[in-house]
Amino acid sequence: MGLLDGKAAVVTGAGRGIGKGHALQFAKNGASVVVNDIDKDVADEVVAEIKELGGNAISNTDSVGEKAGADAMVAACVEAFGKIDIMMANAGIARDRTFLKMSEEEFDSVMNIHVKGTFLCHQAAALQMKEQGTGGVLLSTVSAAHFGNFGQTNYSGAKGAIASMTYTMAMELARYGIRVNAISPSGTTRMSDTYVGPDGKKHPMPFIDPELNGPVIAYLCSDEGNYISGQIFGTGGERIALLEQPKYGHTLFMPGGWTVEEVQKNFKQNLGNKLEALGITKPPYPFADGINPPEK
Ligand SMILES: NC(=O)c1ccc[n+]([C@@H]2O[C@H](COP(=O)([O-])OP(=O)(O)OC[C@H]3O[C@@H](n4cnc5c(N)ncnc54)[C@H](O)[C@@H]3O)[C@@H](O)[C@H]2O)c1
């Protein structure tokens, strides 16, 4: 008996990397899988691998960035397996560039695949789940880059948008029995190989098997996980981390509302000393000494 026996899943961008790991884990736990990827060769290879393991899979090459593509991959799942229970929106691209040099195309393409792709795939799946009356699970893919990451204005913004979409969709879709969660995965992949630090250089990182994100995802998508929605988990390697959700922190109140003079009097000593550090590793707050124009 597998944890996902009888379930049907679509995994986008499942031809390689982290999505491939998800597809394999879903299949190993008993789900039938639509292996979606715009790269047909790798999608077919994953299907062959799943079949060799005794699993059930088909490939699909529609793009997540178009409504017709999202609709078609859900339709393919229904046609092959009779229904859809799980949509794992994983497909992604990176077009890293520092903010001032980033082109409109680099911004739009990342937003289109990540944000619009997640929206379209989840909407197509959720409409089908509603019609089935079965409920289901929508899973999205964010990244710790959404805390802020050098050279990734487009990507970090896209991942932040997906995190916020997760909270809203979870609120709206619970009435149909649909759970909505996201993961912030890790794994050594084609994409992770492109990362460079603020110094513009690649830094060697230990190999992390991308399939290690899969077990917790299988749990989230199983009936045992039916109490989990609106949550984001850091996954991969040896960890499962619950992401703390954004909320207002330290707050100052002024009866009757603030004047500029009162802000000047109160801000620095009561909020200015509590400013938060930025980025994935949360180093100390970097701007305490002020940010000034470069010297001429
Ligand atoms: N690798 C990491 O450590 C890491 C960390 C955080 C988040 N992520 C996220 O995990 C997801 C997978 O990343 P990865 O590292 O496996 O990348 P990858 O480049 O190895 O794989 C991504 C796959 O998506 C496919 N794809 C791209 N555009 C598509 C489209 N329009 N429609 C369908 N498929 C498309 C590609 O062909 C590719 O096979 C992405 O959303 C990424 O942002 C990865």
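Gly13, Gly17, Gly92, Thr189 and Met191 come nearest of the 30 residues around the ligand, a residue being near if its C-beta atom, placed from the backbone, lies within 6 Å of the molecule. This is a predicted model, in which local features need pLDDT of at least 70 and side-chain atom pairs count only at pLDDT 80 or more, while totals for chains, interfaces and linings use all residues. Residues are numbered from 1 along each chain as its sequence is written.

The shell around the ligand divides into nine nonpolar, 17 polar and four charged residues. Here Ala, Val, Leu, Ile, Met, Phe, Trp, Tyr, Cys and Pro count as nonpolar, Asp, Glu, Lys and Arg as charged, and the others, Gly among them, as polar. Helix α1 gives the most to this shell, with three residues.

Helix α1 covers residues 17-28, and its twelve residues reach 17 Å from first C-alpha to last, close to the 16 Å expected at 1.5 Å a residue; the expected span is 1.5 Å times one less than the number of residues. Helices (H or I, at least four residues) and strands (E, at least two) are DSSP runs, numbered from the N terminus. Eleven of the twelve residues of α1 are buried, among them Gly17, Lys20, His22 and Phe26. A residue is buried if 20 or more other C-beta atoms lie within 10 Å of its own, exposed if 12 or fewer, and partly exposed in between, with C-beta atoms placed from the backbone. The cover over the buried residues of α1 includes β1 (8-11), β2 (32-36), α2 (40-52), β3 (56-60), β4 (86-88) and α6 (214-221). Gly30, which follows α1, has a positive phi, near 105°.

Next comes the largest nonpolar core, with 61 residues; Val10, Ala23, Val33, Val35, Ala125 and Leu139 have the most contacts inside it. Such a core is a set of buried Ala, Val, Leu, Ile, Met, Phe, Trp, Tyr and Cys residues joined through C-beta atoms within 7 Å. Helix α4 (residues 104-132) gives the most to this core, with eight residues.

Strand β7 (residues 232-236) is largely enclosed by the rest of the structure because four of its five residues are buried. Strand β6 (residues 178-184) pairs with β7 in the parallel sense over three bridges, pairing requiring at least two DSSP bridges. Ser184 stands opposite Gly234 in β7. Strand β8 (residues 239-242) pairs with β7 in the antiparallel sense over four bridges, and Phe233 has Leu242 in β8 as its bridge partner. β7 and β8 form a hairpin with two residues between them, and Gly237 in the turn has a positive phi of about 60°.

Notes: Two residues are in contact if their C-beta atoms, placed from the backbone, lie within 7 Å.
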